Amino acid sequence: MPRLLSRTIPVLLTVLYFWFVSRPIETGQGSLPPLATFFNPFTGFWQNAESDSFSEDLSDGANVSSAVRIVYNERLVPHVYADNEDDVAFGQGYLHAKYRLWQMDITARQAAGRLAEVFGEGLLENDRRMRRMGMPWAAAKHANAWRQCPDFSQVESYVAGVNFYIQNLKPGDYPLEFKLFDYEPELWSAYHTALILMAMNLNLCGRNQDIAATNTRAALGDDMYQFLFPRWNPRQSPIIPAGTIWNVDSISPGTALPYDQPVHHHFEQFSDPGTGSNNWAVNGELTASGYPILCNDPHLSLSLPSTWYEIQLATPEYCCYGVTLPGVPNIIIGFNQDIAWGVTNVGMDVSDFYQIDWIDTRGTTYNLDGQPIEVEVQEELYHVKHESPVSDTLKFTHWGPVYLDDSIVLALRWLPHIAYNTCLNSTFLGLNQARDYGDFLGAIQHFSNPPQNFAFASRTGDIALKVQGFLPVKPTFEGEFIMKGDQTARDWEGMIPFLQTPMIKNPERGFVSSANQHSTDTTYPYRYHGYYDDFRGRTLNLALEQMKDITVDDMKELQLSTYNLLAAEFCPVLAGLVEKYVDDKWLKRLKDWDFKYGPEDLQPIFFEHWFRTFRDLTWDELDVLAGDLDMLRPEDWHLVDMVIASPEHEIFDNKRTSVTEDARSLAAESYRKTTQYVDSLLAMNPALDWSAYKQVRINHLSRIPSFSKVEINTGGVSEALNSIKRTHGPSWRMVVEAGPSMQAWGIYPGGQSGNPGSHFYDHMVDDWADGQYYDLVLTPDPADLESRIIYSEFLRP
């Protein structure tokens, strides 16, 4: 018996071992692959460790008319040389797949509502939201419309380039995340490219506060709501200068009564309200060189792999340099031999909820203009990793998809659902090839969504800025609240014509600028509302108004400015309220503060906590009133103005106490709480500073800690031009001097490679945090790059 056991136990242990390593590992977020697969020395993760040594690579069988040459500089930035725009797009698609395939795949899956296929049941509800918002439905409409565009062959060539790489990829060479999450890449299509653009729409124009605004108005009454939520900040410095004369005959909008009952549903916001971007251009009269300078730094959620992929695209007809979106052809932000352009987000609200009343028990027929209308039904199937598929039914109305079908039925009217019949690729191909202002304007007229502020500068000396996108003409109340959806008269009444969207060219002041503030002042004939910044735009315009003999270094310094106008305006006010009533230890420090948020500063910690605590004490009754309802808080600029103008206003009184509070008493209470809080932090960590307190990090797209970059030493704050928050910030910084030969500098927080095992995965993060820039070399001749080339490859027919 002992001998039998001694022979049997090793066999059983061996069987158990192979059973264990062959099974997926379940985690709280999903499942990891079988260990035997992941650690396989031939196909597992070992194959993803890069040596970063390169030699010339030749790839035959590419679907190109002639060879495409790709040379890489010391930062692994490719310069692509091809004989025509289709072949250069093939090369770009190939490179996106080679270095960012998993990023492309997972971004498209997120927009399509297909994450549960990879990560399991935990992402099923997210997938449902994506499909109920009509993300894949709209993407299909966009992709089908592109087939009618004159440059669709370039999109097809880009797709062919992506698939050329995928089809020649062996399992051992799959990007690490495919192995880690145990699935395979799928072939690309124009539909996948449309999904990438829908993901950007979700981030940039997917915000919707209709439910929260409706609940807030219902709770407060209309008079108090209008007082606490004014449309216009009198201190605002709009994108188009105040006082501009508008030669516009506006459409007269109809009237739509808002829904006025509380809605017990939470709408998850997919964009961060503090996310911002800056762009501006100064003309040659303001610069030391006499040449225009254009600057752009779009602020997005920071991630690894990075949002952007840097590249040069060159054919005999044009040569362009900038950053691209993996999954999308052409350069999105950049410059060529004649012009430069950059974008920021337009904050106009382009997302509205309409209430639907079913007139049948099945919820398939609703009333519209007194007639019964059948919904369009679409059956959905969700594939869930290691689980049975889950089915769902989507319903589409005149207004759009039914997003919520509960005690209240809400359909979503959203710009990307209806602004699909445009040739979006023509925008960026046109910009890549543009020679002058006329070409620039001709290119961006094709751009529909998400609405953007396009800044422009050229070698000929022109500067301009155009608020571009399909901007809806809305009925009275402008979709600020939930609208009743029983009459088409309450619909959007078309779009603002292209020539009537706000625009400025070669202004007398010598610069154009945007930082997500209001597009215009209140004299613009078309009424609109949205989500606007109230501090960075003023900071930017005030700085540019005072500058002369501007240099490139001046523009870099302005991009990197951590000056917070909110703190500059409000900190002295708060200090003045309390200086006679509290200990002055921190007041003395604040008095010497320059309102900059440098990484080693302490004052930002104190002010940020003081301001947040004061704000919470002011609006605590609103929070109690809200309960489990989504409700709004008034904007910070309005709170500042109220404290300055009416410090004894009843809004500062806590009705639940017997004492009558005012702004002074709340400022003193919040000061004492902040002093206790910050002193305790410093007692635990005497070396604490703003950088350590804020803890900026750049997460891997799957939130894997070891693939993320944490504890990044940098300053900034959301209200500063260098608008860095914990996980958001400048995703690309670019400065271009438009002289006889274009000179440019730029950087983004990441690296060219999406492979966590590569040196080029995150090698630019520290330089980005330190405020460094790299030379961006634009050249139609690869011989000019000879001293910087580390690697070449050819894609041959």
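**A. Aromatic pairs in the predicted model.** The count comes to 39 aromatic pairs in this predicted model, taking Phe, Tyr and Trp rings (six-membered ring for Trp) with centres within 6.5 Å; planes under 30 degrees apart are stacked, over 60 edge-to-face, and the rest tilted. Tyr99 and Tyr309 make a stacked pair, with 6.3 Å from centre to centre and 20° between the planes. Tyr99 belongs to helix 3 and Tyr309 to strand 10 (residues 309–314), so this pair ties together parts that sit 210 residues apart in sequence. Helices (H or I, at least four residues) and strands (E, at least two) are DSSP runs numbered from the N terminus. For the record, buried is under 20% relative accessible area, exposed is over 50%, and partly exposed is in between (1.4 Å probe, protein chains only).

Residues are numbered from 1 along each chain as its sequence is written, and side-chain values use heavy atoms, leaving out hydrogens and water. In this predicted model, local features need pLDDT of at least 70 and side-chain atom pairs count only at pLDDT 80 or more, while totals for chains, interfaces and linings use all residues.

Tyr524 and Tyr526 form a tilted pair, 5.7 Å centre to centre and with 50° between the planes. Tyr524 is buried, at a relative accessible area of 4%, and Tyr526 counts as buried too, at 5%.

**C. The largest nonpolar core, around Leu95 and Phe335.** This core has 173 residues, and those with the most contacts inside it are Leu95 and Phe335. Its largest share, 14 residues, is supplied by helix 3 (residues 85–112). A nonpolar core here is a set of buried Ala, Val, Leu, Ile, Met, Phe, Trp, Tyr and Cys residues joined through side-chain atoms within 4.5 Å. Setting aside residues up to four places away in sequence, Leu95 touches Ile70, Tyr72, Pro78, Val80, Arg100, Tyr309, Ile311 and Glu793 (contact: heavy atoms within 4.5 Å). Another core lies apart from the largest one; it has 56 residues, including Leu228, Phe481, Leu566 and Leu682.

**D. Inside the largest cavity.** The whole structure holds seven cavities of 30 Å³ or more, and the largest of them takes in about 260 Å³ of space. Of the 21 residues lining the largest cavity, Met200, Leu204, Ile332, Val343 and Gln452 are closest to its centre. On a 1 Å grid over the protein atoms alone, a cavity is a set of points where a 1.4 Å probe fits but cannot get out, and lining residues have an atom within 4 Å of a point. Points join across faces, edges and corners, and volume is the space filled by probe spheres set on them. Helix 9 (190–205), strand 13 (339–345), helix 13 (424–433) and strand 21 (452–458) each put at least two residues into the lining. Helix 9 gives the most, with four. By class, the lining has 15 nonpolar, six polar and no charged residues (nonpolar: Ala, Val, Leu, Ile, Met, Phe, Trp, Tyr, Cys and Pro; charged: Asp, Glu, Lys and Arg; polar: the others, Gly among them).

**E. Helix 15 under cover.** Helix 15 (residues 536–545) is mostly covered, with eight of its 10 residues buried. The buried ones are Arg536, Gly537, Arg538, Thr539, Leu540, Asn541, Ala543 and Leu544. They pack against strand 6 (278–282), strand 25 (511–514), helix 16 (552–559) and helix 17 (565–578).

The Leu304 to Pro305 bond is cis, with omega near -10°. Pro305 sits in the loop between strand 9 (303–304) and strand 10. Asn449 and Pro450 are also joined by a cis peptide bond, with omega about -5°. Pro450 is in the loop between helix 14 (437–444) and strand 21.

**G. Two aspartates with positive phi.** Asp369 is not a glycine, yet its phi is positive at about 55°. Asp369 is in the loop between strand 15 (365–368) and strand 16 (371–374), and is partly exposed, with a relative accessible area of 41%. Asp549, again a residue other than glycine, has a positive phi near 50°. Asp549 lies in the loop between helix 15 and helix 16, and is exposed, with a relative accessible area of 56%.

Technical notes
1 Å grid on protein atoms, 1.4 Å probe; cavity = no way out; pocket = protein on both sides within 12 Å on 5 of 7 lines; lining within 4 Å.
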